[in-house]
Amino acid sequence: MNSLRVPNPHHRPAMPSLVESSEGGDEGESLRYEEMEDDNVSPTDLSELLKDGTKESHDRAENTQFVKDFLKGRIKKELFKLATVALYFTYSALEEEMDRNKDNPVFAPLYFPLELHRKEALIKDMKYFYGEDWKEKIQCSEATQHYVDRIHHVGQHEPELLVAHAYTRYMGDLSGGQVLKKVAQRALKLPSTDEGIQFYVFENVSNAQQFKQLYRARLNALDLDKSCKERIVEEANRAFRFNMQVFDELDKIGKSLTEEAQEGGLPVHDGRGDLRKCPYYADKLGKAAPGCPYHAAVAMAKQPLVQLILAACVAVAAGAAAWYMM
C-alpha cells in the first residue's frame with residue numbers, strides 16, 4: 001500500500017448525519033443528509049468533488065419509484081429477494097476487481113476487505129431466502145449484468161475508476177443503507193437477529209461515521225491529477241445510472257406482481273431463477289409474446305364460471321361412465 005498523508009488529529013472533516021422522518025404512514029423514511037460545516041475542506045479534494053459532483057444523481061436515484069416505495073415499506077418479499085440477488089452479483093464483481101487491484105497504488109489505500117466486503121454477507125442472505133442450493137435458483141438480471149460488465153472492464157482496464165464504484169456503493173451502504181435495513185426488517189417481518197439483511201450489517205465497523213471519515217481521508221490522499229479526479233466523478237455518476245437501471249427493472253417486475261395480486265389471476269412468481277423464462281412475465285415487461293400456457297390454465301381454472309362448467313362436465317362424464325358399466 002502506498003504512503004498516505006496523515007490527517008491532522010484535531011481536524012474533523014464534515015460528516016453527514018442521517019436524518020430520518022417519523023416512522024409509519026406514507027411519509028416513510030428519508031435518506032437526506034445534513035453536512036457539518038468544515039472550513040478546512042478543500043473544494044479540490046476528491047471527497048468534495050464526489051459529494052458535489054454526484055448530488056444530482058443521488059437525488060434522482062432516491063426518487064426512483066422503487067426506492068420511494070421501499071422507503072415507505074411498500075416492498076414485497078419476492079421483489080426484495082430479487083434486489084438482494086442483484087446486490088450479490090454486483091458485489092461479487094466489485095470485490096473480485098478490488099482483490100485484483102489491492103496492491104495497485106491508484107486503489108490500494110481504499111482496500112478494506114475486513115471492514116467493507118459484502119459478498120460473504122450476501123451469501124448468508126441467499127441461503128436464508130433460497131436455501132442451501134441457492135446458486136441453482138438465481139440468475140443475474142439484464143440490468144445487473146450491464147453493471148457487472150462495467151465493473152469488470154474498469155477493474156481490468158481503468159483501475160483508477162474503481163474508486164468511483166467503491167465510493168458509490170460502500171459509502172451509501174454505511175449511510176442510507178442502514179435506513180433501508182430497518183425498513184426491510186419491519187416491512188417484511190424479518191427476524192430481529194438480522195437473517196435476510198446481513199448485507200446491511202457491518203460487524204467490523206464499530207463507528208460508521210469515524211470509518212467514513214477515514215475513508216474520505218484516504219480518498220483525498222490518492223495521488224491523482226485534476227483530469228483523473230474528473231473522470232472518477234464522471235464514473236461515479238455512471239455507477240448511479242447503473243443502479244437506477246436496476247431499480248427501474250425491479251420496479252417493472254414489482255408492477256407485474258402488483259397487477260397479479262389485484263386481478264386475482266396468475267400466481268405470484270416465487271422470485272427464483274430468471275423471470276424472462278416465463279413468457280407471461282416477459283410479456284409484462286414488454287420483451288416477449290403473450291401467455292404462459294400453464295399460468296393461463298391455472299388462472300382460468302380458478303374462475304367460478306369455469307369451475308361450474310368443469311363440475312358439470314365431470315358429472316356428465318361420471319353419468320356416461322355409469323351407463324357404460326351397466
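Helices (H or I, at least four residues) are DSSP runs, numbered from the N terminus. The model is predicted, so local features need pLDDT of at least 70 and side-chain atom pairs count only at pLDDT 80 or more, while totals for chains, interfaces and linings use all residues. Residues are numbered from 1 along each chain as its sequence is written, and side-chain values use heavy atoms, with hydrogens and water left out.

**Charged pairs**

Side chains of opposite charge can pair when their charged atoms come close. Here, a salt bridge is a side-chain nitrogen of Lys or Arg within 4 Å of a carboxyl oxygen of Asp or Glu.

| Pair | Closest N to O |
|---|---|
| D59 and K55 | 3.2 Å |
| D194 and K181 | 3.8 Å |

How do these pairs sit in the fold? E48 and K51 are both in helix 1 (residues 46-53), 3 residues apart, or about one turn of the helix. For accessibility, buried means under 20% relative accessible area, exposed over 50%, and partly exposed in between (1.4 Å probe, protein chains only). E48 is buried at 15%, whereas K51 is partly exposed at 27%.

D59 and K55 are 4 residues apart in helix 2, again about one helical turn. D59 is partly exposed, with a relative accessible area of 32%.

The D194 and K181 salt bridge links a loop to a helix: D194 lies between helix 9 and helix 10 and K181 in helix 9, so the pair ties together parts that are 13 residues apart in sequence. D194 is buried at 16%, and K181 is buried at 17%. Elsewhere, shared partners join R150, E158, E160, R231 and E235 into one salt-bridge network.

In helix 2 (residues 55-62), S57, A61 and E62 are buried. These residues cover an arc of only 135° around the axis (taken from the directions from the helix axis to the C-beta atoms), which puts them on the same side of helix 2. K55 and E56, on the other side, are exposed.

C140 is buried at 13% relative accessibility, and C228 is buried at 12%.

Technical notes:
Helix = DSSP H or I, 4+ residues; strand = E, 2+ residues; numbered from the N terminus.
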